[in-house]
Number of protein chains: 4
Amino acid sequence: MISFVNDYSEGACEEIMQRMQETNHLQTCGYGLDEFCKSAADKIKKKIDYEDCDVHFLVGGTQCNKTVIAASLRPFEAVICAETGHINVHETGAVENSGHKVLYAPGQNGKISCEEIEAIVAKHTDEHMVKPAMVYLSDATELGTYYTYAELKAISDCCHAHGLYLFLDGARLGNALAAKGNDLTMAHLPQLCDVFYIGGTKNGALFGEALVIVNDRLKPDFRFYIKQNGGMLAKGRLLGLQFDTLLEGDLYMRLAAHANKMAQQIADVLNECQIPFLFSSETNQIFPIFENAVLAQLREQFELGDWEAVDEQRTAIRIVTSWDTKQDAVDQFCQTVRSLA
Amino acid sequence: MISFVNDYSEGACEEIMQRMQETNHLQTCGYGLDEFCKSAADKIKKKIDYEDCDVHFLVGGTQCNKTVIAASLRPFEAVICAETGHINVHETGAVENSGHKVLYAPGQNGKISCEEIEAIVAKHTDEHMVKPAMVYLSDATELGTYYTYAELKAISDCCHAHGLYLFLDGARLGNALAAKGNDLTMAHLPQLCDVFYIGGTKNGALFGEALVIVNDRLKPDFRFYIKQNGGMLAKGRLLGLQFDTLLEGDLYMRLAAHANKMAQQIADVLNECQIPFLFSSETNQIFPIFENAVLAQLREQFELGDWEAVDEQRTAIRIVTSWDTKQDAVDQFCQTVRSLA
Amino acid sequence: MISFVNDYSEGACEEIMQRMQETNHLQTCGYGLDEFCKSAADKIKKKIDYEDCDVHFLVGGTQCNKTVIAASLRPFEAVICAETGHINVHETGAVENSGHKVLYAPGQNGKISCEEIEAIVAKHTDEHMVKPAMVYLSDATELGTYYTYAELKAISDCCHAHGLYLFLDGARLGNALAAKGNDLTMAHLPQLCDVFYIGGTKNGALFGEALVIVNDRLKPDFRFYIKQNGGMLAKGRLLGLQFDTLLEGDLYMRLAAHANKMAQQIADVLNECQIPFLFSSETNQIFPIFENAVLAQLREQFELGDWEAVDEQRTAIRIVTSWDTKQDAVDQFCQTVRSLA
Amino acid sequence: MISFVNDYSEGACEEIMQRMQETNHLQTCGYGLDEFCKSAADKIKKKIDYEDCDVHFLVGGTQCNKTVIAASLRPFEAVICAETGHINVHETGAVENSGHKVLYAPGQNGKISCEEIEAIVAKHTDEHMVKPAMVYLSDATELGTYYTYAELKAISDCCHAHGLYLFLDGARLGNALAAKGNDLTMAHLPQLCDVFYIGGTKNGALFGEALVIVNDRLKPDFRFYIKQNGGMLAKGRLLGLQFDTLLEGDLYMRLAAHANKMAQQIADVLNECQIPFLFSSETNQIFPIFENAVLAQLREQFELGDWEAVDEQRTAIRIVTSWDTKQDAVDQFCQTVRSLA
């Protein structure tokens, strides 16, 4: 059955699979100190047009978020995010487990605003409360929306005015950058963020996130944190090799653009059929609202993830497409929707 | 200058001071294993009419909250409370520092409801999220309100239906029980709560909270948690001795009733003068709203704690009275208010 | 240059690489709930001849150790191991970072004894000290030695007599089981251990450890711990698929036997050349002592890891062979040693 | 029955009791921001002849150790101490519970040496291991011995050469400074240590340790750590008032000298009776070895703490005297020993 449940249902793009095969019996040193990691880091520095940063490769997003926050904050410091932020809801309290409070604001469609950040800062005034020290945001967000350059610049300015680090979770960075209307580029990121990552798991790699540390204060001893948090992969070259491949030419952006295109084709057809959405999103995640009866019929042919019950008759679902979603699958889904509408 | 800033501005009631003097040179064993602690524990068991519980004495409220929660929850489990809950805002993230997420609901006037608890439970469905395992509430609340028997019984039933422990922070328990309209008694507590404490610091002791563990699952090895959390007082007899004194006869309730009476006298005069309140409260904390100009004049004679700006002209303050507040001080304040109104 | 530095220098065995290619575009659900993981778990249960256990797949050893210990112990409980135990020296304090003390005994050639365990238990008598609750050991050990059935049985009995869990780190389990003189089998493990793992990273997989939980008390909610510790791989099928392949037929043991054989060939030649060893070991790690001048010459052709300076003239090194070490490489090394001796 | 079990068996010296009574109804602000704390801090700065330090008052030693270490170290950093160090054996893993490994060396009679510190530093070379960042020592030690100026100076130099903070636990500082042969003074401490404390609990106070932070890097935000660790006493003035009293004139040193004198009188008589000691100690703790039969008779009249069995016939005990030990009690013990010897 065709699945639109998430963007990590398939393996890796062929370029990665081939290169993994080619280099399989090569002996390299472990723990990310190999030549593939070095080459991938160099490519990233070029893509972001920024030399003076440290690049580390970690296996997954939760690992990455947990490690960055543990490394950046002192025990009484807290991280601010939107209520829907991955660290707030979908990481089993990993941030709290490393000792830090997550302070959240409602946000709008997954995005936090300067006003919300400033309101939280204003409320935390003395040593009986935690001290906000970092803002975490995801781009694309958990709701498939993205931050424009102006929005991210404003948040960055707000953070730095209040002595807060800005940490951008880029698990779906490609989808944000490839979205229609987006004006943010990779080269903006080191200008605006203290630390961010470029996601591989959800954009053509078997696994892996490339973490870029821009702020000098966050650089020292970071490998101790990776190891302590169980994130140091013995065969680290697998991470380097995958990013070295993804960042060759425009492969990374091509894969993300494909995923977005597939979702937006579906969105167009749903609009045409007057199926409403919970809110508008421009990347590879869309949140249409179906009559439960229609949904039941769709689910005879497609795997579709529940999002939330809208009322007794209707349910919002989350449709996610990936770098590997087939045009055929999308066509088949659109056709079925049209026939049911 | 007379202070109405809090209820821990003075030392201890004379009965305690005298007994501390009398027993000063006695040699006892350390760490709460002495005869005074034993005697105090026995008195508590009688007051709450419940034998099958463990009693421990800790120095303060944050220490107590942190230790109980660390001892009760497994690393992925979370504690639910009202947004205003002390553990959520005024303990510098102590609960998160011991690894646990605090899940909060808005509450009403400092009180959480069953509906709010159930909504949080319903949202936490799988291993990507923390698992709610305990409800924390304060009685009296941080806003000077209290839970009726029916309210606490409903929450207790709700907790036990959902497999949640109920933990009652009684730092101001005396003030709740002595409040006008209250129908909850000490003997209800072991029937409704898994663990609770009877506050001393804010009701006539130099320091100290008497923790009562009712649920058998929370009893084993609790002294390890006290010690690990830095809460095991070398001269533990000081804690036992204070509670042994406070719980003799009706001293504990008399002290709390006095504090309430002082605040309610002020509230009556404020009402009479048509000074509004942020909300109504029945214990030793009240939250009137003053014109800023009036407030400035009051502050020439009285220390008064800010609560929040209501608008540009008016500010809500918190007035707190204690077991040791003098009738004279209250009279003087009331007279000043009348003269300014 | 040929490397004998470790057993994670190469990629994965061909069987795995091929299967990864074949299944690459298949859509599966995430987080280890797929069919490959299920099939691999079934194969493990057959190999260990034990149905009533839970099997989880994690990416690496430190992650696995940290997660198991965090899930098994309460905050005041401690884990016992040999001084050389991986958790004690080479995991950047990951166990302490999750709140637990590591209690260690000197051990002998990397192996802990019942006497040492009992001495530690005897010393921890009250709530001012941590409480020992688990024994951790590695088989093969960090020094290339292994536990016989009788030794492991004695430790298991000792643990259970003292209420301690027994946790066996099997990162190099294949090498232990394939060692000359070993009489322990996979089917013994669930009889003796409360929890153990079968290592993949160091025996032919790209990465992965298969964790087996035998003791019912350690089973509930384990997936919460995996997620919270950042160890839940999005494309979990990669773990299942690798173990499903390794555990088909005798592949797993064949790979380990090859690694051992390569190291023991080198050991034989070194013995023949009267090169001494720090101690005797029977698996894929050996620790010969070379004159520094000889070592310098060997290092013109081979990468060799330092272990420790024995005196001013001599250095002990660690030679590690792997499932992928070539006979040619070993021959070349032996020939060079002979020519230098 | 007269107890020689510890130095926290009694209440507080009369000067403290009287002052507590006199100031009992005074209203002060909470949490250590009152005038008594300020005055006590000023007196400390004079006693140690050092202005540029921060002084905080905490309730007890474990609380103090835990908080200082949590505030000083980053998550991957470790603290070095002697095996007998209080943080290593008698704090229920509080340091590990806040995430840090304790690295220990055997030490000699409770004292760690530069060679031991350097050996530990030399072994910790990369990010797979914790990084030593602080040395903790107690003066007087847990075995009643003390560090001379030269010894402490050497350790201080060693620490600073290796980038380690030096933290001195002075729970029994008075006993060290008052010991026969000691040449260390209070004024040396800020010259040698980065952070240290002056113990009150074991020298005439009801409770309390006065923490002095000398190193500028350890000063910021320390009150957040106190609060987060549950160590911020509501009626903080009780701490200030006690130290303000103890540090008036020579009271602090007089109390400690008395305790030492009592123990050394006993030691002299034991020597005279040819009772051997486990090792020699010069403060208020001594460790004689008695025939078990003699010990049983002594215990008919005196409470005496076991230390360790020396052989089947003999047991070492710990005798501790305090600021409040009566000359009569000592005379009675000495007489009994003489009659039994």
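How many residues does the contact take from chain A and how many from chain B? The points below answer this for the predicted model and then turn to the interface of chain C and chain A.

1. In the predicted model, the contact between chain A and chain B takes 21 residues from chain A and 21 residues from chain B. Between them these two chains bury about 1600 Å², with 47% of that area lying on carbon and sulfur atoms. On the chain A side, A:Thr92, A:Glu96 and A:Lys101 supply 34% of the area buried against chain B, which is more than any other three residues supply.

2. The count of salt bridges between chain A and chain B is two. In one pairing, A:Lys101 forms a salt bridge with B:Glu96, and the closest N and O atoms of this pair are 2.5 Å apart. A:Lys101 is also one of the three residues named above for their share of the area that chain A buries against chain B.

3. As to secondary structure, helix H4 (86-89), helix H5 (94-97) and strand S4 (102-105) of chain A each supply at least two residues of the side of chain A that touches chain B. By class, the residues of that side divide into seven nonpolar, eight polar and six charged.

4. For the other interface, the contact takes 47 residues from chain C and 47 residues from chain A. Chain C and chain A bury about 4000 Å² between them, and 48% of this is on carbon and sulfur atoms. C:Gln27, C:Gln228 and C:Lys235 supply 18% of the area that chain C buries against chain A, more than any other three residues.

5. Across the interface of chain C and chain A the rule finds zero salt bridges, while the count of residue pairs in polar contact, both at pLDDT 80 or more, is 38. The elements of chain C that give two or more residues to the side touching chain A are strand S1 (2-3), helix H1 (14-22), helix H3 (61-72), helix H5 (94-97), helix H10 (222-228) and helix H11 (237-246). H1(C) gives the most to that side, with four residues. By class, the side of chain C that touches chain A has 18 nonpolar, 20 polar and nine charged residues.

Technical notes
Residues are numbered from 1 along each chain as its sequence is written. Chains are lettered from A and ligands numbered from 1 in the order in which they are written. This is a predicted model: local features need pLDDT of at least 70, side-chain atom pairs count only at pLDDT 80 or more; totals for chains, interfaces and linings use all residues. Side-chain values use heavy atoms; hydrogens and water are left out. Contact means heavy atoms within 4.5 Å. Buried area is the accessible area (1.4 Å probe) that two parts lose on being put together, summed over both. A salt bridge is a side-chain nitrogen of Lys or Arg within 4 Å of a carboxyl oxygen of Asp or Glu. A polar contact is a pair of N or O atoms within 3.5 Å; within protein, one must be able to donate a hydrogen and the other to accept it, and residues adjacent in sequence count only if both atoms are side-chain atoms. Ala, Val, Leu, Ile, Met, Phe, Trp, Tyr, Cys and Pro count as nonpolar, Asp, Glu, Lys and Arg as charged, and the others, Gly among them, as polar.
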